[in-house]
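Colleague: Please take a close look at a single part of this model for me. I would like one connected account, with the surroundings included.

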Amino acid sequence: MSDAKRSAPVLVVMDGPDANQSYPIEKDQVVLGREDHCDIVLRERQISREHIKVLRNDGRYFVEDLASRNGTWVNGKKLEGTQELYDNDEIHIALAVRLQFIGSGATAPLPFEVPQTLSGRLTLDREARQVFVRNEELDPPLSLPQYRLLELLYLHAGRVCTRETVVETVWPDVVGEGVSEQAIDALVRRLRDRLGELDPDHQYIVTMRGHGFRLDNPAE
């Protein structure tokens, strides 16, 4: 897949009433804050009038805290000054709004530590390759490609996984552009249908158009 197929970088809201809302980063400087004049307005009382700024410099992206009152965290560490952003970095603004940065390049996500506890309506027994939804096992089992996709999304704990990462994980032996967009979308549809057998009222796999997929795994 060529870089040209990827959209501009976006900030994706991870949870809350605006979950899955995405904001493209199309200017050299984008200010996020509570005031109407900000490029991205986040109406939470804990957030400062101008809270953070995302900057583009020579194709790289950085986040800067604008001396906010309640602080900013990147991947769980408090932001001091300016820090470069990478695909799938998580920005927590004043511990009120959680965003994910999805870059425009085709780079794979950086390694990250899998959370000690992964919980929600959907759970996996990775050793047995069993899938449970609301404590009921999915039977018959998923196909190997379906399970690989679900495990990838599950372990990323709500982060967006790019289509490139899906191909590398689900079809590791395929070289180059041997997997079509249609094949990926068909796999996602089949997996959605299987999960819907046990929980038809919830869509677990969310498509972030132009960027990839994430698992929406609500608490039981």
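Modeller: What follows is a close look at helix H2, then at helix H1 beside it, and then at other parts of the chain. Keep in mind that this is a predicted model.

Start with H2 itself. The helix spans residues 163–170, and six of its eight residues are buried, so the rest of the structure largely encloses it. The buried residues are Arg163, Glu164, Thr165, Val166, Val167 and Val170. Buried here means under 20% relative accessible area. What does the covering of these residues include? Two helices are part of it, H1 (144–155) and H3 (181–196). Strand S15 (161–162) and strand S17 (212–215) are included as well.

Now the packing of H1 on H2. Their axes come within 9 Å and cross at roughly 130°. The two helices are therefore oblique to each other. The crossing is right-handed. From H1, the contact is made by Pro145, Arg148, Leu149 and Leu152. From H2, Thr165, Val166, Thr169 and Val170 take part. By class, that gives five nonpolar residues, two polar and one charged.

Buried or exposed? Glu151 has a relative accessible area of 18%, so it is buried. Leaving out residues up to four places away in sequence, Glu151 touches Leu124 and Arg126.

Pro140 sits in the loop between strand S14 (136–137) and H1. The peptide bond joining Asp139 and Pro140 is cis, with omega about 5°.

Arg134 is another one to inspect. Its place is the loop between strand S13 (130–133) and S14. Its phi is positive, about 55°, although Arg134 is not a glycine. At 41% relative accessibility, Arg134 is partly exposed.

Arg121 itself is in the loop between strand S11 (97–102) and strand S12 (122–125). With 18% relative accessibility, Arg121 counts as buried.

Six strands form an open, antiparallel sheet in the order S2-S1-S11-S10-S7-S8. Strand S2 (22–24) and strand S8 (77–78) stand at the edges with a single partner each, so one side of each lacks a neighbour in the sheet. S1 joins S2 through three bridges, in the antiparallel sense. Val12 has Ser22 of S2 as its bridge partner. S1 also pairs with S11, over four bridges. There, Val13 stands opposite Leu99. The side chains of S1 (residues 10–13) point two ways: Val10 and Val12 one way, Leu11 and Val13 the other. All of these are buried.

At the other end of the order, two bridges join S7 (residues 72–74) to S8. Trp73 stands opposite Lys78 there. In the loop between strand S6 (60–65) and S7 lies Ala67. Ala67 has a phi near 55°, positive in a residue other than glycine. Its relative accessible area is 74%, so Ala67 is exposed.

Methods: Residues are numbered from 1 along each chain as its sequence is written. This is a predicted model: local features need pLDDT of at least 70, side-chain atom pairs count only at pLDDT 80 or more; totals for chains, interfaces and linings use all residues. Side-chain values use heavy atoms; hydrogens and water are left out. Buried means under 20% relative accessible area, exposed over 50%, partly exposed in between (1.4 Å probe, protein chains only). Contact means heavy atoms within 4.5 Å. Two strands pair if DSSP finds at least two bridges between them. Axes are lines fitted to C-alpha atoms, for helices over the stretch in contact, and angles run from 0 to 180 degrees between N-to-C directions. Angles under 35 degrees count as roughly parallel, over 145 as roughly antiparallel, 65 to 115 as roughly perpendicular and the rest as oblique. A crossing is left-handed if the near helix is turned anticlockwise from the far one by less than a right angle, and right-handed if clockwise. Ala, Val, Leu, Ile, Met, Phe, Trp, Tyr, Cys and Pro count as nonpolar, Asp, Glu, Lys and Arg as charged, and the others, Gly among them, as polar.
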